[in-house]
Amino acid sequence: MENRKIIQVEEKVPAKLLIPLSIQHMFAMFGASVLVPFVFGINPAIVLFMNGVGTLLFILVTKGKAPAYLGSSFAFLAPAGIVISKFGYEYALGGFVAVGFCGCILAAVIYKFGSDWIDVVLPPAAMGPVVALIGLELSGTAASNAGLIGDHIETSSVIVFLVTLGTAVFGSILFRKFLSVIPILIAVIAGYIAAIACGIVDFSEVAKAPILALPNFSTPKFSIDAILIILPVILVITSEHIGHQIVTSKIVGRDLLKDPGLHRSLFGDNFSTMISGLIGSVPTTTYGENIGVMAVTRVYSVYVIAGAAVLSIICSFVGKLSTLIQTIPGPVIGGISFLLYGMIGTSGIRILVDSNVDYAKSRNLALTSVIFVTGLSGIAVKFGNIELTGMVLACVVGMILSLIFYVLDKFHLTNDTE
């Protein structure tokens, strides 16, 4: 581990490193992932189970070449909330299955026709800011989780937040040898201890929880009306997936869109969502938090990701353990997210730098400028019950502009050659 050696995707990790590194990944995803079932009003144990199973399926489908952890998707919150209020949660599950199935079909189309179109609809000048927005638009969520937004900010929350963030930031640059690869885990532990000292951790639910408990499995019901409300989310999750794969490619130094291929990763992502709907869980997606962990630690091994998935499955059956993990307070999650979300934003800027984007060209300047402002302005475009905003709207705008520029180039109408 001398000099922060990079552990590549296919490298095996000794057991003494595998366990803490896997725990680190599980903690990174946990806060955001269990938030979705809380919003839907279901037990998070089933979500922990499916996160683990979905991640293992994803690793299998991508032949162990694409390190990614699958957590709960936030993209479904708005349309699924409408379906739950009108029809019930079982019909939302049917919508999740339908979206996952259509995503698998889209993956087959990409397998047939390739993914070279991405360079046309999302060139580096567009992809860079889109990827950066994945992290930047989540910055408010990190601050909210930390309890730093509002009229009444608790001193205890600020203390826990600073302890967590400070440990993560300075640990990532000061820790050596073994400690240098688990700064996130150490930060979570330090923040948790600070939260206990400040009296903001409640162990009452842990005492009531059973030692072992089965996740609450349930089956979906299908309604064409419910499916049509949820189905357009496929545009959102596809854009998000492509962005995450490009970020991960930059971090690990490999083109994951080519090998194992976008068709494989997209299929694995959507197949997991389909299975989630069939057993009563929420849709899954590749998680930015875990991409951030890889960027900080330079440990990209799929064995570590698989270890985190197995731990998540175990936690779903251990009532007291899953409940204990749920006691991790918001300021700890927020402190970690401050660093991890920022890492994703930086990865988008890195795309611009590594691709040598020339801003002397008007097209590149216009693309990046419009995408950033669209994503950060708060503009929302509604089509019926579907709302496009933030990174997704910016991605759509960037794709439209890029296609227009491509057509203008074909007719030799642009001035970039002058």
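Analyst: Histidine 244 lies in helix α12, which covers residues 233-252; a helix here is a DSSP run of H or I with at least four residues, and helices are numbered from the N terminus. The model is predicted, so local features need pLDDT of at least 70 and side-chain atom pairs count only at pLDDT 80 or more, while totals for chains, interfaces and linings use all residues. Residues are numbered from 1 along each chain as its sequence is written, and side-chain values use heavy atoms, with hydrogens and water left out.

Histidine 244 has a relative accessibility of 3%, so it counts as buried (buried is under 20% relative accessible area, exposed is over 50%, and partly exposed lies in between, with a 1.4 Å probe and protein chains only). If neighbours within four places in sequence are set aside, histidine 244 is in contact with Ile134, Thr286, Tyr287, Gly288 and Ile291; contact means heavy atoms within 4.5 Å.

A nonpolar core is a set of buried Ala, Val, Leu, Ile, Met, Phe, Trp, Tyr and Cys residues joined through side-chain atoms within 4.5 Å. The largest one has 66 residues, and Phe76, Tyr89, Phe96 and Met127 have the most contacts inside it. Nine residues of this core come from α12, which gives the most to it. Tyrosine 89, leaving aside neighbours within four places in sequence, is in contact with Phe40, Ile42, Ile84, Phe96, Gly280, Ser281 and Val282.

Cysteine 102, by contrast, counts as partly exposed at 27%. A disulfide is a pair of cysteine sulfur atoms within 2.5 Å, and by this rule the count is zero. For cysteine 102, the nearest cysteine sulfur belongs to cysteine 104 and is 9.2 Å away, and cysteine 102 is in no disulfide.

Aromatic rings come next. A pair of aromatic rings is described by the distance of the centres and the angle of the planes. Rings of Phe, Tyr and Trp (its six-membered ring) pair if their centres lie within 6.5 Å; planes under 30 degrees apart are stacked, over 60 edge-to-face, and the rest tilted. The structure holds six aromatic pairs. In one of them, the ring centres of phenylalanine 49 and phenylalanine 317 are 5.8 Å apart and the planes stand at 90°, so this pair is edge-to-face. The pair links distant parts of the chain, since phenylalanine 49 sits in helix α2 (residues 44-61) and phenylalanine 317 in helix α15 (residues 302-317), 268 residues apart. Phenylalanine 49 is buried at 17% relative accessibility, whereas phenylalanine 317 is partly exposed at 29%.

Another pair is stacked, because the rings of phenylalanine 267 and phenylalanine 271 have centres 5.6 Å apart and planes at 10°. Both residues lie in helix α13 (residues 257-279), four residues apart, about one turn of the helix. Phenylalanine 267 is partly exposed at 30%, and phenylalanine 271 is partly exposed at 24%. Phe49 and Phe317 also belong, with Phe217, to one aromatic cluster.

The last part is helix α18. Its 15 residues reach 21 Å from first C-alpha to last, close to the expected 21 Å at 1.5 Å a residue; the expected span is 1.5 Å times one less than the number of residues. The buried residues in α18 are Asn364, Leu367, Thr368, Ile371, Thr374 and Gly375. Seen down the helix axis, the buried residues of α18 fall within an arc of 140°, so they line one face (the arc is that of the directions from the axis to the C-beta atoms). Val373 and Leu376, on the other side of α18, are exposed. The buried residues of α18 pack against α6 (124-136) and α19 (390-410).

Asparagine 364 belongs to α18, which spans residues 362-376, and its relative accessibility of 13% makes it buried. Not counting residues up to four places away in sequence, asparagine 364 touches Ala125, Val357, Asp358 and Tyr359.

Conventions: Helix = DSSP H or I, 4+ residues; strand = E, 2+ residues; numbered from the N terminus.
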